[in-house]
Every structure is written in structure tokens, then in C-alpha cells.
Amino acid sequence: MNPSVSRFAIIRAIVGKDLREFSRDKFFMLITVLGLVAYVALYWFLPSDVEESISVGIHQSGMDSLFAELEEDGGIEFTLVESRVDLETALGFGDSEPDNKLDIGLEFPPDFLSTVSAGEVASVSVLVGPEVPQEIRSAMSSMVREIAYALAGDELPVTRLPEEEIILGQDRAGSQVPIQDKFRPLLAFFVLIMETMALGALVAAEIQSRTVTAILVTPAKVSDFLAAKAILGTLLAFSQVTLLMVLVRGFDNNAPLMITTLLLGSALVTGFGLLIGSSGKDFLNQIFYSMALLIPLSIPAFGVLFPGAAGPFVQLLPTFGLVDAMVGISIDGAGWRDVASSLGMLAAWVLIAFALGLTLLKRKVQTL
Amino acid sequence: MSDTRAIDVRGISYSYGNLLAVDDISFSVEPGEILGFLGPNGAGKSTTIKMLTGQVDPKSGSITVLGYDAIKSRAEMQSRIGVCFEEKNLYLNMTAAENLRFFASLFNIADFDPEALLRRVDLVDKSGTHTKGLSKGMRQRLMMARSLVNRPDVLVLDEPTDGLDPVSSRAIRRIIREEADRGAAVILTTHDMEEADKLSDRVAFINEGKIATLDTPENLKLAYGKRSVKVRSRDGDQISEQTVALDGPEAGEELKEAVASPGLMTIHTEEATLENIFIQLTGRGLE
């Protein structure tokens with residue numbers, strides 16, 4: 001026996017042992033591999049571009065040039081059809097699914113032009129599927145009214161107010177973010193969270209089976225044990241989220257910056273993993289604590305999918321900096337300076353999570 | 001402190017909140033000696049073991065192990081002790097050999113051979129078996145092997161044969177004796193009086209955080225038992241029983257007569273068991 005055992009050798013031995021244990025945990029190996037495969041498959045299954053125009057079917061007569069003119073303004077694609085039956089078929093109301101399904105249909109009566117020109121009321125049918133949102137239906141009705149006013153030679157009954165368009169953030173008109181890209185931070189977050197749970201389970205098992213006590217009566221110190229767990233957690237989370245990001249094109253923009261962000265994110269979830277592992281008395285208890293933490297932590301990632309759904313409080317959540325930086329780098333092409341504040345916030349939360357996790361784990365280990 | 005003492009404990013105390021678990025106890029163990037630590041659950045045995053092995057620091061008093069202060073030189077002290085816990089705290093997803101190798105790496109032992117140690121505890125054929133596939137007795141033997149990876153000079157064993165089958169118990173007792181013969185100081189906690197009697201050179205009775213008495217089993221039996229023998233003999237269909245006091249002036253003659261009797265059936269000494277002595281001293285049993 002060598003009395004002068006180096007700290008590094010001890011930490012390396014504990015990390016090696018933990019990796020061996022982790023690789024033999026069938027449950028976590030299964031969910032890790034399946035999770036990665038499922039997330040990558042989901043990413044590539046999602047649409048990679050955004051359909052920004054609305055396809056409108058028109059059944060009319062004598063207004064071809066008008067619709068050609070409207071189409072040039074952009075945003076709406078008009079398809080002229082021969083009959084009401086053709087219109088319904090194109091909208092998918094018939095027995096068979098059309099090749100190019102239209103979003104909305106407008107049927108103008110044959111005497112529409114003459115009726116509105118005479119200043120009389122004409123009736124236009126707006127055909128929509130149940131999936132078309134109310135705002136699109138209203139917009140179509142407004143468009144029909146506007147056409148009628150234009151044909152009748154009247155001004156609209158309102159004065160158009162002068163307006164100034166202010167775009168908050170990057171103007172994405174004409175270059176909307178594909179759902180595939182919006183999902184990327186969410187997938188990365190899920191991988192990190194999975195590792196939080198795996199680390200939590202590993203730590204909890206070490207405490208519950210009291211193997212940690214056996215370690216601590218050797219030359220290994222509590223600090224060696226804590227350091228080993230912190231290294232292991234960060235290593236596991238970082239390697240898996242990096243692999244995921246490689247497979248979902250997460251490093252296309254500023255790879256060094258993205259790697260830094262993921263490393264900080266891995267450290268953050270490791271801190272929470274230590275916290276969960278120290279808190280849970282048994283598996284169910286641990287699941288409870290995991291969920292109690294994971295639900296609020298996932299809000300920023302879901303906020304990317306549903307902009308405006310989360311309130312300003314989201315910025316106070318520990319994972320906001322992580323998600324914000326990931327979105328900035330991968331979607332907006334942000335640089336170091338652009339995401340500095342997000343990374344600063346993330347780093348602060350890493351320190352807090354680690355301080356909490358290590359303090360609780362230390363206390364738990366010392367009172368066994 | 002005598003330089004020959006492997007363990008020297010002076011006036012240590014420990015409390016959990018308001019509960020005084022260990023109250024000013026002192027003892028020492030020489031190299032090659034086995035000290036049995038006997039007491040019921042909650043008597044303070046495990047807390048004393050925790051303090052001895054550096055898991056917790058005593059609130060007062062001092063512990064010196066192999067010349068090292070257990071608080072100030074914890075790592076040095078821990079590098080020379082071996083601990084076998086009551087809980088089977090092994091890594092279940094690792095093999096028997098991997099468990100030993102991991103702990104050897106914490107002691108930075110070069111060229112560690114787990115097979116040699118596994119052979120000592122009759123587990124060499126289970127070297128590659130995951131620990132979760134081992135029986136309770138096998139796990140306990142592996143725990144024993146683990147406590148020996150660093151060839152310790154002090155061995156601390158917490159209930160090492162509790163609930164084991166006779167074969168495993170015998171194997172563990174043999175190893176404990178071998179380690180003491182090698183020169184290791186052994187502290188053994190148990191509530192099995194028979195085991196303590198067979199194995200220990202000295203026993204300490206601990207109750208309510210205090211050492212009630214500490215001596216060799218023989219001295220305790222002499223001090224607290226009756227110096228007499230009970231003789232049973234048969235005379236025709238009658239069985240008679242006679243108690244011969246060994247302290248009496250006629251003891252030698254009476255005993256000679258009893259032994260010479262043609263109907264002699266049995267002769268039993270009347271010495272107290274350790275359990276009787278414990279009850280006499282503490283007013284309670286070991287369970």
C-alpha cells in the first residue's frame with residue numbers, strides 16, 4: 001500500500017468505477033440510447049422549412065386579373081377552379097384526399113361583379129376546414145369585403161391610420177424559423193435532463209446502499225467523492241448532448257461557442273443531479289424531486305416552441321440562459337458578445353446549483 | 001501512550017443532538033490482540049466504530065491509531081486500517097474481483113491480485129460473478145476480503161458473522177484469527193456472546209454509551225461466575241446431582257470422590273457465560 005495516494009488517482013478511480021456502474025445499469029442505458037435515437041429521429045422527421053403562404057381556392061368568373069394582381073402582393077396563392085364541387089374537392093371535403101390540398105375556398109356568385117358595381121349586397125361563401133384558425137377566416141372575410149369595395153369603386157369605410165412597424169428582435173418575415181430548428185434546444189434539454197436523472201439515481205444508490213461509507217474509510221476524502229460525481233455527471237451529460245448536437249446539426253454556427261454553452265449546461269444539470277440524488281430516500285421519492293425540478297426547468301425550452309406562452313418570469317429560471325444562448329447561436333447566428341449575458345446568467349446558476357448540490361450531498365454523506 | 005498500542009482511545013464522547021451516544025470511554029488494543037466489543041443495539045458500539053474509523057470526529061477525547069491522530073491525520077490512519085461493515089455495502093453491478101480492485105485502487109496498491117484474496121475467503125471461483133449473484137454468506141466473505149485489500153495493521157469488524165450460515169461464520173472467524181496472528185489489532189463488535197468468547201482476547205461490555213467492564217473472558221467468568229462444579233450420577237434408577245464448591249477446604253477430596261463414583265454421568269463447571277455477566281452488570285440482555 002502506498003500511503004501517499006494522490007487525490008487525482010482517487011478521483012480517477014471513483015469516476016472509472018461510476019462509469020462501469022452506469023454502463024451496466026440496463027434501465028438508464030436503455031433510455032439513454034433509445035432517447036438519443038428517438039430525439040434524432042424526431043428532429044429529422046420535423047419539417048425543415050416553413051410554409052408561409054396561404055393557398056386559397058377561388059370559384060369565380062371575370063376576376064382572373066384581379067386575383068393575379070393580389071397574388072403578386074405575396075402571402076396568398078390563388079388557385080382558380082371551375083365549380084363549387086371542384087372547390088370542395090380541392091379543400092378535401094370530398095371522398096378522396098386531393099394532391100395539393102388548399103387551405104381555404106372562396107366562392108363568388110356569377111353576378112358578383114355586376115351586383116357590387118351596382119352598389120348592392122352580394123353574398124360570397126367562405127369555405128374553411130375545421131383546422132383553419134379563426135384569425136385566418138376573419139382575414140379572408142375582410143379580403144372579400146375589400147375586393148367588393150374596390151370593385152364598387154368605393155373607399156373603405158375607415159381611414160387607414162399611418163403606421164410604423166417596429167420589429168422586436170430579428171425580423172423573420174419571409175424567413176421564419178423551421179419547427180426543426182425550434183425543437184433543437186428542447187431536444188438538447190431533454191438529453192441533459194435524462195442525464196440529471198441518471199446521475200441522481202447513481203448518487204442516491206451510493207447513499208442508500210452505503211457504499212459511500214466504504215469509500216470514506218479509505219484514504220478517499222468527501223471532497224474526492226464529490227469531485228468524482230461532479231466530473232462524472234458533467235462528462236456524461238456533455239458527451240451525450242454533444243453527440244446529439246452533432247446529429248441534429250447543432251454546430252453549424254459558431255461551434256466553439258455552442259460547445260461552451262453545452263459544457264455550462266451540462267455542469268448546471270449535474271448540480272441539479274447531485275441535489276436530486278442527495279434528496280431522494282428511495283426511487284419514488286427521487287422521481288418526485290426530479291419532476292418538481294424538471295417541470296419549471298423545462299419551461300424556457302418549451303417557450304421557444306410557443307413564443308409568448310411564458311411570462312417574463314421565465315428569465316429567472318436557471319435554464320433560461322442555456323436555452324437563450326442555444327437559440328441565439330443555432331438560429332440567429334449569435335456570437336460571443338451577443339450571448340455573453342445569457343452565458344453569464346447560466347454560469348451564475350451553475351455555481352448556485354453546484355453549491356446547493358454539493359452542500360446537500362456532503363451533509364448527507366457525513367450523516368450516514 | 002505506550003508505543004506498542006495499536007489503538008489508544010482516551011475519554012471519547014459523541015452525541016446526536018441531545019442524545020449522548022458515547023460517554024467518555026477509554027480503551028486500548030495491542031497489536032495481535034482481538035478486542036470484542038459487546039453490547040445491545042443502541043449501546044454506542046457503531047458510533048464508537050465510526051469515530052475509530054474516521055467517519056465522525058469525537059466531540060471530546062482523543063483517538064490514536066498506529067501512532068496517528070484519528071482526526072488530524074485521518075488519511076494516513078485510514079490508509080492502514082481495514083473496515084468490514086455490518087451492511088453489505090458492495091457494488092452489486094460489479095464482479096467480486098472488480099469490487100476488490102476498485103478498493104485497492106483507492107489505496108493506490110500496485111499490482112493488486114484479487115484472486116489471492118478471494119482464495120483466502122473461498123470465493124476464487126466467484127471472481128467474475130456479479131456481486132448481486134452472490135449469497136449473503138458469500139457477500140459477507142467478500143466484505144471481509146475487501147477489508148484486507150491494504151493488508152491492514154488495524155482491522156475493525158462490525159458484526160462480521162451476523163446472520164451467517166455456520167460455514168461462512170467459520171471461514172470468517174478463521175481469517176480474523178489469522179489476521180491477529182499476523183500482528184493486526186482487531187476490534188470486533190458483536191452481540192453474539194459465544195463468538196466473542198471464542199474469538200476475543202479481551203471483551204468490553206458497552207451499555208448506554210459507557211464501558212461497563214473490559215477484561216479477558218476468563219477473568220470475567222472467574223470474577224462473576226460460581227467456582228463450583230455440578231456432578232450428576234446414577235444409582236440404580238435414581239439420578240442424583242451434587243454441587244461441589246471449588247473454594248471449599250474439602251473440594252479436592254469431594255471432586256475425587258465424585259469422579260471415582262461408578263454411576264458418574266456428567267460433570268459441569270458452573271462458570272458464568274458472558275451473557276450472564278452482561279446481564280449482571282447492566283441489568284439488560286443483548287437483544
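This is a predicted model: local features need pLDDT of at least 70, side-chain atom pairs count only at pLDDT 80 or more; totals for chains, interfaces and linings use all residues.
User: Which residue of β2(A) is the bridge partner of I58(A)?

Analyst: Strand β1 (residues 54–59) of chain A is also joined to strand β2 (residues 76–80) of chain A, by five bridges. These two strands run parallel. Within β2(A), the bridge partner of I58(A) is L80(A).

User: Do β3(A) and β4(A) run parallel or antiparallel?

Analyst: Four bridges join β3(A) to β4(A). One of the residues involved is L106(A), whose bridge partner in β4(A) is V126(A); L106(A) also stands opposite I58(A). The direction of β3(A) relative to β4(A) is antiparallel.

User: Which are the edge strands of the open sheet of four strands in chain A?

Analyst: The strand order is β2-β1-β3-β4 (chain A), and the pairing is mixed. Neighbouring strands are turned by 25° against each other on average, with direction ignored. An edge strand here pairs on one side only, and the two that do so are β2 and β4 (125–128) of chain A.

User: What distance separates the C-alpha centres of domain 1 of chain B and domain 2 of chain B?

Analyst: Chain B is divided into domain 1, covering 7–216, and domain 2, covering 226–270. Their C-alpha centres lie apart by 43 Å.

User: Which element supplies the largest share of the side of chain B that touches chain A?

Analyst: The contact takes 24 residues from chain A and 23 residues from chain B. On the chain B side, α2 (74–78) and α3 (96–106) each supply at least two residues. The largest share, four residues, comes from α3(B).

User: How many charged residues does the side of chain B that touches chain A have?

Analyst: Sorted by class, this side has ten nonpolar and ten polar residues. Its charged residues number three.

User: Why is α1(A) described as roughly antiparallel to α3(B)?

Analyst: Helix α1 (residues 7–23) of chain A packs against α3(B) with the axes 8 Å apart. Angles over 145 degrees count as roughly antiparallel. α1(A) is therefore roughly antiparallel to α3(B), the angle between them being about 160°.

User: Which residues of α3(B) make the contact with α1(A)?

Analyst: α1(A) passes α3(B) in a left-handed crossing. From α1(A), the contributors are I10(A), A13(A) and K17(A). The residues of this helix contact divide into four nonpolar, one polar and one charged. On the side of α3(B), the contact is made by F102(B), S105(B) and L106(B).

Note on methods:
Residues are numbered from 1 along each chain as its sequence is written. Chains are lettered from A and ligands numbered from 1 in the order in which they are written. Domain bounds come from an automatic or database domain assignment. Two residues are in contact if their C-beta atoms, placed from the backbone, lie within 7 Å. Ala, Val, Leu, Ile, Met, Phe, Trp, Tyr, Cys and Pro count as nonpolar, Asp, Glu, Lys and Arg as charged, and the others, Gly among them, as polar. Two strands pair if DSSP finds at least two bridges between them. Axes are lines fitted to C-alpha atoms, for helices over the stretch in contact, and angles run from 0 to 180 degrees between N-to-C directions. Angles under 35 degrees count as roughly parallel, over 145 as roughly antiparallel, 65 to 115 as roughly perpendicular and the rest as oblique. A crossing is left-handed if the near helix is turned anticlockwise from the far one by less than a right angle, and right-handed if clockwise.
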